[in-house]
Amino acid sequence: MSHAATRPLTLSARGPLRGTLTVPGDKSISHRSLMFSALAVGESRIEGLLEGEDVLATAAAMRAMGAQVERSDDGVWRVHGVGVGGLLQPEQALDMGNSGTSTRLLMGLVASHAITATFVGDASLSSRPMGRVIEPLARMGAEITATPGGRLPLMVRGLCPAVPIEYTLPVASAQVKSAVLLAGLNTPGITRVIEPVPTRDHSERMLRGFGAELTVEEGPEGKIISIRGEAELRPQQIVVPGDPSSAGFWMVAASIVPDSDVTIRNVCMNPTRTGLITALRMMGASIEEVDAREVGGEPVADLRVRHAPLSAIEVPPELAPSMIDEYPILFVAAALASGRTVARGAHELRVKESDRIATMRAALEAAGVRTEEYEDGLAIKGSGGDPLPGNAQVASKLDHRIAMSMAVAALAAREPVTIDDVAPVATSYPAFFDTLDALTNEASLRI
């Protein structure tokens, strides 16, 4: 799977954003819904699945390992699973495209099955280290051969039965946690993950919903997540809520463009995912939760966001795990705030689709923003609400979130901003630019 041809785009400031929209389904939940459905016996139905390139890579991988995965004309996905332990040997390499989530979680699945799978990806994914997943899976018995530096292409030779382990996460990572839990699904006995710092808990919620025997307890070192192996998962009907990471772009855009008033429907409000909302409210953003409810085991709400002056803050480092994907767009909010915002505690940004700290610093400085770079974040001197100078050439580094974040920054710039390649936006939000056009041109349009 590869991106479309390079697509440069120049954006200029626009009028207010107004209207009601629905963002794509949550990417984390979409990945997991496909994987867990493929491990259940029978047919699961998934509504609201994010149909970006990353999630489609997961769907293709599950097909390659024996599951029937089909999309109906009504947009509902139907998955006939093979059962835990029933994954088949893929006939060719699994192409993960740009999806680190697909890669790390599927490595966990393969690790405890008697199959061998080779994982390949695009240039961006192939530069990202997989060592933090390789280490615990190797302890469970998987044989993993990687490119030097623990990178793709890599091959996982699973062991069945694998060895249950107790593993303390050295860094906060929902992907590593999930990989170990997924390996534990087909491993006899109890596999435990100790999580010193809480991360998104979609895997735990959904595994329980599918019938896995999973417990979460508080211990002296943090959360202890235990899963009993050789599980039998039951098919489910899943409704995927809107992705809070995708909603974040519109929250910041509405906050920084005067007279904006946007309502984002059906946003996942899982407390392990709402760090950006907390940080923006600390800065003075007007974000109102409407019709809070629960859908498919996840809390959701509609969010009404109106323009408001923002003030600089020191972002609490403990928010990092609940907003790790939202730091690029938070940096844009900081660039329009009054004062100097300091956002640290985000080492993980160095090993995302790009080095998001260095890439966002370069992008913002090109647009006239003064910044200071730390190993784990940025300090940003805000404009006090005045337009950014703009007149910038921005390198997205094959990173969808950099491209979308700088597109939002362009809405509040005096001169145009040119992004060298927005094609990667298709990995998570194919309709992003259509939605932007609609919100700035048709106040009453529902998307």
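Some ground rules before the details. Residues are numbered from 1 along each chain as its sequence is written, and side-chain values use heavy atoms, with hydrogens and water left out. As the model is predicted, local features need pLDDT of at least 70 and side-chain atom pairs count only at pLDDT 80 or more, while totals for chains, interfaces and linings use all residues.

I start with the pockets. The search runs on a 1 Å grid over the protein atoms alone: a cavity is a set of points where a 1.4 Å probe fits but cannot get out, and a pocket is an open set with protein on both sides within 12 Å along at least five of seven lines. Lining residues have an atom within 4 Å of a point. Grid points are joined across faces, edges and corners, and a volume is the space filled by probe spheres set on the points.

The largest pocket holds about 630 Å³ of space. It is lined by 36 residues, and those closest to its centre are Ala172, Ser173, Ile324, Glu348 and Lys352. Which helices supply at least two residues each to that lining? They are H1 (27-39), H3 (100-111) and H6 (174-185). H1 gives the most, with four residues. Helices here are DSSP runs of H or I with at least four residues, strands are runs of E with at least two, and both are numbered from the N terminus. By class, the lining has 10 nonpolar, 11 polar and 15 charged residues.

Of its 14 lining residues, Arg205, Met206, Gly209, Gly296 and Gly297 are the closest to its centre. Helix H7 (202-209) and strand E14 (237-239) each supply at least two residues of this lining. The classes here are six nonpolar, five polar and three charged.

Next, the backbone. The peptide bond joining Leu152 and Pro153 is cis, with omega about -5°, and Pro153 is found in strand E9, residues 151-157. Another cis bond runs from Cys160 to Pro161, with omega near 5°. Pro161 lies in the loop between E9 and strand E10 (166-168).

Two residues other than glycine have positive phi. For Glu230, phi is near 55°; this residue lies in the loop between strand E13 (222-228) and E14. Is Glu230 buried or exposed? Glu230 is exposed, at 55% relative accessible area; the cut-offs are under 20% for buried, over 50% for exposed and partly exposed in between, with a 1.4 Å probe and protein chains only. Asp291 has a phi of about 55°, but lies in strand E16, residues 286-295. Asp291 is partly exposed, at 49%.

Now the aromatics. There are seven aromatic pairs. Rings of Phe, Tyr and Trp (its six-membered ring) pair if their centres lie within 6.5 Å; planes under 30 degrees apart count as stacked, over 60 as edge-to-face and the rest as tilted. Phe36 is in helix H1 and Phe210 in the loop between H7 and strand E12 (214-219), so the pair ties together parts 174 residues apart in sequence. Phe36 is buried at 0% relative accessibility, and Phe210 is buried at 1%.

Phe249 and Phe432 also pair edge-to-face, at 5.9 Å and 75°. Phe249 sits in helix H8 (residues 244-256) and Phe432 in helix H13 (residues 432-441), 183 residues apart.

Last, helix H12, residues 400-410. How many of its 11 residues are buried? The count is 11 of the 11, so H12 is largely enclosed by the rest of the structure. The buried residues include His400 and Arg401. At the start of H12, a side-chain oxygen of Asp399 reaches to within 3.0 Å of the backbone nitrogen of Arg401.

Conventions. Ala, Val, Leu, Ile, Met, Phe, Trp, Tyr, Cys and Pro count as nonpolar, Asp, Glu, Lys and Arg as charged, and the others, Gly among them, as polar. A polar contact is a pair of N or O atoms within 3.5 Å; within protein, one must be able to donate a hydrogen and the other to accept it, and residues adjacent in sequence count only if both atoms are side-chain atoms.
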